[in-house]
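Please look at the sequence and structure below before reading on.

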Amino acid sequence: MEPISTGNRAASALQKAEAVSHLREGISLLLSQWTGLQLAVKNGWGGHDSLQKSKQLATDILSWFFQSNAHLSLEDIENFLHESMLFSFNTEIEDGSIEEVAEQLMIMHEEYWHGSHY
């Protein structure tokens, strides 16, 4: 077994940082297109800091993805989104969009953990 060179480690760290950046951007883009969340932000359903809460949701999802490693179910994501909307924005989303957003997030999560990195 050959030792890993410093150059290979640096390249690997750079690739991982880029993958995390792409994942963060993908989550933010998806949430920015979610009508239910955008209505909650626009109408201030989360209070005067609704925009900040939506940004925090994206950060929380990214953190949660890393804490859960590859062990995450679609139901877990759906529950997380439902609770986040309820507690942060006092909003019940019943139009099926939570399931759609959760499915897209699950795809992003799986692609990241399986090395596709978009």
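Does E92 count as buried, partly exposed or exposed? E92 counts as partly exposed, because its relative accessibility is 47% (buried is under 20% relative accessible area, exposed over 50%, partly exposed in between, with a 1.4 Å probe and protein chains only). This is a predicted model, in which local features need pLDDT of at least 70, side-chain atom pairs count only at pLDDT 80 or more, and totals for chains, interfaces and linings use all residues. Residues are numbered from 1 along each chain as its sequence is written, and side-chain values use heavy atoms, leaving out hydrogens and water.

**Loop between two helices**
- E92 sits in the loop between α4 (74-89) and α5 (97-113); helices are DSSP runs of H or I with at least four residues, numbered from the N terminus.
- N90 lies in the loop between α4 and α5 as well.
- N90 is not a glycine, yet its phi is positive, at about 50 degrees.
- N90 counts as exposed, with 67% relative accessibility.

**Negative patch**
- E92 belongs to a surface patch of negative charge together with E94, D95, E99, E100 and E103.
- Such a patch takes residues with over 30% relative accessible area and no salt bridge, and joins like charges within 9 Å.
- Asp and Glu count as negative, and the charge is placed at CG of Asp or CD of Glu.

**Salt bridge**
- The count is 1 salt bridge (a side-chain nitrogen of Lys or Arg within 4 Å of a carboxyl oxygen of Asp or Glu).
- D49 and K53 form a salt bridge, with their closest N and O atoms 3.9 Å apart.
- D49 is partly exposed at 30% relative accessible area, and K53 is partly exposed at 26%.

Conventions:
Patches are made of residues with over 30% relative accessible area and no salt bridge: like charges are joined within 9 Å, nonpolar side chains (Val, Leu, Ile, Met, Phe, Trp, Tyr) within 5 Å. Accessible areas come from the Shrake-Rupley method with a 1.4 Å probe; for residues, only the protein chains shown count as cover.
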